Amino acid sequence: MKIAIIGTGYVGLTTGVCLASLGHKVICVDKIENKIQQLKRGISPIYEPNVSQFLKKYKKNINFTKDLADAVLKSEVIFVAVGTPSKKDKSIDLSYVKQAIKEIAKQLNAYKIIVNKSTVPVGTGDWVKKEIKKYYKGNFSIVSNPEFLKEGSAIKDFLKPDRIIIGAEDKKSQQIMLNLYSKIDAPKIVTDIKSAELIKYAANAFLATKISFINEIANICDKLNADIKKVAQGIGYDKRIGKHFLNAGIGYGGSCFPKDIDGLISISSKHKYTFKLLNAVVEVNKQQQEEFIKKINSILKKIKGKTVCIWGLAFKPNTDDIRKSPAIKIINRLVKMGYKIQVYDPKAMENTKKAILQKNVKYCKNPYEAAKNADILALVTDWPEFSKIDMKKIKKIMRNYYLIDGRNQFNPKKMKKLGFYYKGIGRQ
Ligand code: NAD
């Protein structure tokens, strides 16, 4: 099929290379000139495992352009994958979607399907239909096809998803969408548009609830001297609960969970419903990051000039994305308290340099340089490479031996044996 994708970010680019790998002819559109130029040269503007390899391997099936009009004219199916950030009042900012839809509508000249892949408030499909009708009097279909990929494993998630959701109102568009994904072996759930839009928010809200729940159990473990890893394992074997998403830590971040949870709270309140549970989920998440800062402060006693080493800046491993990363908030707070900060992340250093313009933050070439002469080592993102580091060597180069493990990545017994004062989240 001939496909246009509007917005070439984490979701749009992944969708583009994956659909190209399935044999479709794809045109990816973005309004940022630099992104398009890089992509035309085969360079991925984001770090996401395997995207560069896919760009090379399937280059015959994929083109990049700034020209949205031309891409729409040449395509049968048009995906919208632009950003939907939070507004100041925490409702969803649909300005990018609105702009993209207007531009698409102006170009329609034959039957085409407009697919919303961005996460959008329930009811956006209806709005899109009305908006397009202002500009185009012919036939077209609107589909909601929310995306569930995780940054860090985006390609794998796209090609081997747990399910594909197709919110469509007519048989023709349902069938075309099922054909488009026919090579992907996954349950395909066809629904009305509103249910599809809500499925995305409900899924993220449930996952965030699981995180806040296990974080509260971890806080209880801290008080009781119990081990959260064992507790999580013990409940995870229950099939009704499941083993995934039971890792206690410093709370969720990223470009999706915080905005989507706020988004669902805002959608609910617009419909005069108070989503009490989700308000608590957000509160617990905030508290979790505060507790981490408190742990550091209780050791360093706000003594100016003490050095904190931060391992990990990305909101999760295997990505360079720092949007709403707990690391950014934590660093900004620690700098304000007068500490010196030494940071290292395998992929997110450049993005962080643009986001944190603090004098007291030193960007280090490797984890060892970041730990040198530090008073505390704080693990913020659980990159697998951090668990392979020679911690004996780290201990030798630190000034004081406090290890605050925000992701429970290290073995407490081993670390204590090496001479570290170890503190995890819900495990001693
Ligand atoms: P992103 O910010 O990485 O990418 C959006 C891209 O759209 C940018 O490159 C921007 O320049 C481009 N753009 C905006 N308006 C445009 C226009 N009118 N024409 C052409 N290009 C335009 O965003 P993302 O992380 O890929 O997220 C996109 C959507 O997918 C959001 O709604 C998000 O909630 C949802 N989503 C994201 C993820 C994720 O892990 N990032 C997962 C599932 C769903």
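In these legends, Ala, Val, Leu, Ile, Met, Phe, Trp, Tyr, Cys and Pro count as nonpolar, Asp, Glu, Lys and Arg as charged, and the others, Gly among them, as polar. The model is a predicted one, in which local features need pLDDT of at least 70, side-chain atom pairs count only at pLDDT 80 or more, and totals for chains, interfaces and linings use all residues. Residues are numbered from 1 along each chain as its sequence is written, and side-chain values use heavy atoms, with hydrogens and water left out.

**View A. The shell of residues around the ligand.**
Let's start with the ligand, which has 27 residues around it; Asp30, Lys35, Thr84, Glu151 and Lys259 come nearest. A residue belongs to this shell if one of its heavy atoms lies within 4 Å of the molecule. By class, the shell divides into ten nonpolar, eight polar and nine charged residues. Helices α1 (10–21) and α5 (95–107) each supply at least two residues of the shell. Helices (H or I, at least four residues) and strands (E, at least two) are DSSP runs, numbered from the N terminus.

Which part of threonine 119 is 2.9 Å from an oxygen atom of the ligand? It is a polar backbone atom of threonine 119. With glutamate 151, a polar side-chain atom lies 2.7 Å from a nitrogen atom of the ligand. Arginine 323 also has a polar side-chain atom in the picture, 2.9 Å from an oxygen atom of the ligand. Taken alone, the ligand exposes 840 Å², and the protein buries 92% of that. Accessible areas come from the Shrake-Rupley method with a 1.4 Å probe; for residues, only the protein chains shown count as cover.

Rolling a probe the size of a water molecule over the atoms shows where empty space is left. On a 1 Å grid over the protein atoms alone, a cavity is a set of points where a 1.4 Å probe fits but cannot get out, and a pocket is an open set with protein on both sides within 12 Å along at least five of seven lines; lining residues have an atom within 4 Å of a point. Grid points are joined across faces, edges and corners, and a volume is the space filled by probe spheres set on the points. The second largest pocket has a volume of about 240 Å³. It is lined by 15 residues, of which Asn219, Asp222, Glu291, Lys295 and Lys423 are the closest to its centre. The lining of this pocket has six nonpolar, four polar and five charged residues. Helices α9 (193–224) and α12 (276–300) and strand β14 (421–423) each supply at least two lining residues, and α12 gives the most, with seven.

**View D. The largest cavity.**
The structure holds two cavities of 30 Å³ or more, and the largest has a volume of about 50 Å³. Residues that line the largest cavity include Val80, Ile101, Ile114, Gly125, Ile142 and Ile193. At least two lining residues each come from β5 (113–116), α6 (124–135), β6 (141–144) and α9. By class, the lining of the largest cavity has eight nonpolar, three polar and one charged residues.

**View E. The second largest cavity.**
How much space lies in the second largest cavity? About 40 Å³. Among the residues that line the second largest cavity are Thr119, Val120, Pro146, Lys200 and Tyr201. Helix α9 provides the largest share of this lining, three residues. By class, the lining of the second largest cavity has three nonpolar, four polar and two charged residues.

**View F. Two positive phi angles in one loop.**
Asparagine 318 is found in the loop between β9 (307–311) and α13 (326–336), and lysine 324 lies in the loop between β9 and α13 too. Phi of asparagine 318 is near 65°, a positive value in a residue other than glycine. Lysine 324, also not a glycine, has a positive phi of about 50°. Buried means under 20% relative accessible area, exposed over 50%, and partly exposed in between (1.4 Å probe, protein chains only). Asparagine 318 counts as partly exposed because its relative accessibility is 28%, whereas lysine 324 is exposed, with a relative accessible area of 60%.

Conventions. A polar contact is a pair of N or O atoms within 3.5 Å; within protein, one must be able to donate a hydrogen and the other to accept it, and residues adjacent in sequence count only if both atoms are side-chain atoms.
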